[in-house]
Amino acid sequence: MTYGEYLKLENILSNQNRLSDHHDEMLFIIIHQVSELWMKLILHEMTSAIESIKNDDLSTAFKRLARVSRIQSQIIQSWDVLSTLTPSEYVEFRDSLGQASGFQSYQYRMVEFALGYKTNHILKIYEKDQELYNILKKAFEAPSIYDVSIRALAKAGFQINPDVLNRDVSTPYVEDDTVRKAWIEVYRNVDRYWDLYELAEKLVDIEDSLQQWRFRHMKTVERIIGFKVGTGGSSGVKYLKKVLDHRFFPELWDIRTEL
């Protein structure tokens, strides 16, 4: 077996097909394809981390989550490359994209699901593709990494609101005072709850990086198309600015003010 055969390079490298004759469309295609590959690896690692936390194997989860953070740094830096695309260059091939939009990335939605951000209207976007819809629905109905982390707090003896532990995990998470108090106790007694403390910091690392990715996404879009409507009909920069206010693990941020 050769290097190219093992990696299926012929398949990978033959799928950068420009729809226009413009030179810079190649940049646009490759950046998004590479990002999707990195997201595939993020999902691979996140799924394993969630299972490890379920099974009380936090050390394996830490390894997986540390890798996710490194992957995120790569995706964040990719915006620096895409930002070399100027408005004048992008407008030359933008119409060739039709209704295709990054907002339609189902892997990005699955990353959000894994982190706990779930809204019903997202699934409706993919209803016409039954196979893909089923994959997304399964991810939508699965516990997020924060759900299993809160259950880890309960296993460690913290008194967590039963409504939180038994909630419908396909609904958006709502901040809870018992969860906040548990995390405060973890941070005030680091030596006693070292594993939970380490888990909390790994989660903060991932959310921090995701917000950096969102910010760089927003600024890159603003730099290239300003406040135009996105190709898929989204509000573009306005939407991207709005999601910057969303938090995946609210108690882990709130307790920093109290400590």
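G226 touches V221 and V237, leaving aside residues up to four places away in sequence; touching, or contact, means heavy atoms within 4.5 Å. This is a predicted model: local features need pLDDT of at least 70, side-chain atom pairs count only at pLDDT 80 or more, and totals for chains, interfaces and linings use all residues. Residues are numbered from 1 along each chain as its sequence is written, and side-chain values use heavy atoms, with hydrogens and water left out. The chain has 14 helices and 0 strands. Helices (H or I, at least four residues) and strands (E, at least two) are DSSP runs, numbered from the N terminus.

**Overall build**

- Along the principal axes, the C-alpha atoms fill a box of roughly 65 × 50 × 35 Å.
- Buried residues make up 45% of the 259 residues. Buried means under 20% relative accessible area, exposed means over 50%, and partly exposed is in between (1.4 Å probe, protein chains only).
- Take the contacts with a separation of 6 or more: residues 24 or more positions apart account for 70% of them.

**Surface and charge**

- The chain exposes about 14400 Å². Carbon and sulfur atoms supply 52% of that area. Accessible areas come from the Shrake-Rupley method with a 1.4 Å probe; for residues, only the protein chains shown count as cover.
- There are 33 positive and 38 negative side chains. Lys and Arg count as positive, Asp and Glu as negative; His and the chain ends are not counted.
- The centres of the two charge sets lie 1 Å apart. Each charge is placed at NZ of Lys, CZ of Arg, CG of Asp or CD of Glu.

**The nonpolar core**

- The largest nonpolar core holds 72 residues. Such a core is a set of buried Ala, Val, Leu, Ile, Met, Phe, Trp, Tyr and Cys residues joined through side-chain atoms within 4.5 Å.
- M46, L115, I145, Y146, W183 and L252 touch the most other members of this core.
- Helix α12 (residues 194–225) gives the most to this core, with 12 residues.
- Beyond its neighbours within four places in sequence, Y146 is in contact with Y173, V179, W183, L203, F248, F249, P250, E251 and L252.

**Helix α6, an enclosed helix**

- Helix α6 (residues 106–115) is largely enclosed by the rest of the structure, because 9 of its 10 residues are buried.
- The buried residues are Q107, Y108, R109, M110, V111, E112, F113, A114 and L115.
- They pack against α3 (25–54), α7 (120–124), α8 (130–141), α9 (145–155), α12 and α13 (237–243).
- Just after α6, G116 takes a positive phi of about 110 degrees.

- K8 is not a glycine, yet has a positive phi of about 55 degrees. K8 sits in the loop between α1 (3–7) and α2 (9–13). With a relative accessible area of 49%, K8 is partly exposed.
- D56 is not a glycine either, and has a positive phi of about 60 degrees. The loop between α3 and α4 (58–82) holds D56. At 54% relative accessibility, D56 counts as exposed.

**Other loop and helix positions**

- L85 lies in the loop between α4 and α5 (87–90). At 2% relative accessibility, L85 counts as buried. Not counting residues up to four places away in sequence, L85 touches D24, L27, F28, Y90, F93 and I224. L85 and D24 are 61 residues apart in sequence, but 7.2 Å apart in space, C-alpha to C-alpha.
- G226 is found in the loop between α12 and α13. G226 and V237 are 11 residues apart in sequence and 7.4 Å apart in space, C-alpha to C-alpha.
- D168 is in the loop between α10 (162–165) and α11 (177–188). D168 counts as partly exposed, at 44% relative accessibility. The C-alpha atoms of D168 and R256 are separated by 28 Å.
- Q74 belongs to helix α4 and is partly exposed, with a relative accessible area of 38%. Q74 and V34 are 9.9 Å apart, C-alpha to C-alpha, and 40 residues apart in sequence.
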